[in-house]
There are 2 protein chains.
Amino acid sequence: MISRVLAADLPKHVGSQVRIAGWVHRRRQLKSIGFVVIRDRSGLAQVVVTGPASGTTTENMSEETVVEVHGLVTANAQAPGGVEITGPTFTPLSDRAEPPPFGLYKPHVTATLPTILDNAGVALRHPRLRAPFEVAAASVAGFRRTLDRLGFTEIHTPKIVGSATESGAGVFGIDYFGQRAYLAQSPQFFKQALVGVFERVYEVGPVFRAEPHDTARHLAQYTSLDAELGFITDYRDVMTVLRETLAGMIATVVERAGDVVDLLELELPEVPAEIPAIDFVEAGELLTRHTEPDPRGEPDLAPAHERWLSAWAARTHGSEFLFVTGYPMAKRPFYTHPDPARPGCSNGFDLLFRGLELVTGGQRLHRYRDYVTALDARGEPLESYQDYLSVFAHGMPPHGGFAIGLERWTARLLGVPNIRQTTLFPRDLHRLNP
Amino acid sequence: MISRVLAADLPKHVGSQVRIAGWVHRRRQLKSIGFVVIRDRSGLAQVVVTGPASGTTTENMSEETVVEVHGLVTANAQAPGGVEITGPTFTPLSDRAEPPPFGLYKPHVTATLPTILDNAGVALRHPRLRAPFEVAAASVAGFRRTLDRLGFTEIHTPKIVGSATESGAGVFGIDYFGQRAYLAQSPQFFKQALVGVFERVYEVGPVFRAEPHDTARHLAQYTSLDAELGFITDYRDVMTVLRETLAGMIATVVERAGDVVDLLELELPEVPAEIPAIDFVEAGELLTRHTEPDPRGEPDLAPAHERWLSAWAARTHGSEFLFVTGYPMAKRPFYTHPDPARPGCSNGFDLLFRGLELVTGGQRLHRYRDYVTALDARGEPLESYQDYLSVFAHGMPPHGGFAIGLERWTARLLGVPNIRQTTLFPRDLHRLNP
């Protein structure tokens, strides 16, 4: 059997008999000539059916039926890609397909988000709906490639944990052989402990939040790109590594998902050699002068404030990225390292990208007694943190890290408003299927 | 501040003042000279403390305290790596560390497995206990690199699912916003659906099994290296991709974890150009002639049989890998494709490696009506599988795939008997911490 040729490679085979295979993307029957467009993972191929039986041939298939086609690759400047297949023989590889939930062959997506999500397994075949995940895969490859180069070790940590202590967000409970256990909200404690083993670690994996709110940017499960590194001077070393990582992610998207960048006409951001940073207090002063106060009155940035600051960075620094540093300790988790010069302010940062918080990071405490003080101050019992704390009693270097939400990152790159559009099978308050 | 030099790079800096940083691995005090060995992620560095105060200096530190050392790199053929640091100044980066649960500086591990597991965050700092995870990280990098090259797309699928339908193994239940949900036992259904989108997909992620048995090769969570590909002729195409993948994993271990291969004196397997395969029936005949019958009387291979067959393949084919093909349909999940010539036999296979089943794979059903028949025959209600089945009604190519258990793979490469030794923080019937 001759090897299968992908649609995108057909121009290299003009004048040859080939075998292609894929989904019937679209059929068109004119009087005595029919066109069948075949879709495979590389793109589209046009097959021309002529002669009196052409109508019957194209009628016998339906959109999404999987077929194999043998035929001659023929140059035709008018065909997509400049080639088409003539004199074809079709062999079905699946039964005749049922009609998809909406026209997968239409250049733009005509379905609503709920229709897409309810039928994800089929809907994602639309080239524009599949595209975000090619950007996501390239981004993750760039994340790993950059950190591998910087001497990081990849880790895989437990998603089932014994206590629900790490953050304020909601957790999912599990029945674990009759014991109560929880789904991990992040690999935070594990990645810190493993700085003691490997110095520099990263993990790409699912994290779980029992988010009781229906928003466009929260899901019950998302993919967290986590990194943590030891022997830092302070949070600025973490920001430097993060900057390198983002640049590596963008470069890999260009390299591996160029077709998709073209298809979606994406404008990829430039990552400045140094991402501008603004202190939280200074940001607050700007916001007071230029925006409405946060109705919640909280010492944190409201979404509108994030958008304003992001626009400000673009205007004044020509950067789509902005670090906000020195967040109040009160708004950060207990393991956050304070700024030695301003104990109420943290050595933690957020990274805003195109109007939204994309990354949270910072320096962590690394001395056992600092953890004891921090937990005491929050009235938290030390016992719940015993396993976690023990590594600090056994010598830990100054360290810090960050976490990037993959789906958020992809959504920002694509300019789509809802992270459900960049999640293969989203899980939320109302959605547990497909 | 001068940049930090890693221990392994010191020979390049003979004659220079440098800064190193790491953990105090070991102290030795002779009459008027002291030695402090510093451990960092690259290896060990010897620091020489001379003069009357040397005893005080080495006393002030303890093993595992984190320090920074400034000093002169001096050649000394007797020192490890041929260099040592003289005229040092020490700066502590952590408080004085508490004694570790066992001697981390001893060349071999003196602790029992329970002690190691109870103190994993500190115990894994021992170079021999850390080593398996460097082999694991390199293996995963090789898995991805090979499949990237073969046109696969990386995916991230839900770990929370609405029904517990996929396999016979136990599942963990979750309270999902008041609804009953489950932890996914594998990405099987998702990866199959996504063959319809990307043709070739892989996922590296956690899978969950509520294993009620305490064995050396089962855990409640492990890392599954999953791949699935469309447009295959049959299961043999899957075996070919698996063979490529294993060869890529071994090559990447050699390339990225060579130090560890040396430290542990590993004998890495050769992956033959074609891995030998034996049919299940033929294997059964061999076993009947040469071994005791399986006391369970099941149409499956007992662990002793896997060991015997593996030894047989090594003896007769010179291969540490052996495919067993044509497993009885009765022993495979409902989505398994039968052998068209022998409907009671499957197009599924197992791969044995060094006496143990390492990979399960095969061709899957791809026609909707075949799923209906298969589920009917097992008395399973179609409704529970609605979302899964719909993709098959909408046109799916012949496809198949495989799953490699990362921790098992690493354990076999290292020749360690228990997968808890190749899992950072194992989760089992009795262990939910650390």
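## A walk through chain A

Start by colouring chain A by its domain assignment, with domain 1 at 7–92 and domain 2 at 121–422; these bounds come from an automatic or database domain assignment. The C-alpha centres of these two domains of chain A lie 47 Å apart. Before going on, note that this is a predicted model, where local features need pLDDT of at least 70, side-chain atom pairs count only at pLDDT 80 or more, and totals for chains, interfaces and linings use all residues. Residues are numbered from 1 along each chain as its sequence is written, chains are lettered from A and ligands numbered from 1 in the order in which they are written, and side-chain values use heavy atoms, without hydrogens and water.

Next, select the "binding site" that an unreviewed UniProt entry records, including A:Arg209, A:Glu211, A:His218, A:Glu357 and A:Arg408; such annotations may be inferred rather than shown by experiment.

Zoom in on A:Glu211, in the loop between β10 (200–208) and β11 (221–230) of chain A. Is A:Glu211 buried or exposed? It counts as buried because its relative accessibility is 17%, and buried means under 20% relative accessible area with a 1.4 Å probe, protein chains only. Beyond neighbours within four places in sequence, the contacts (heavy atoms within 4.5 Å) of A:Glu211 are A:His218, A:Leu219, A:Leu429 and B:Phe177.

Now pick A:Glu357 in strand β17 (residues 356–364) of chain A; strands are DSSP runs of E, at least two residues, and helices are runs of H or I, at least four, numbered from the N terminus.

Finish at helix α11 (residues 386–393) of chain A, where the buried residues include A:Tyr388 and A:Phe392. Among the elements covering them are α5 (188–198) of chain A and α3 (120–123) of chain B.

How values were computed. Buried < 20%, exposed > 50% of the residue type's maximum accessible area, 1.4 Å probe, protein only.
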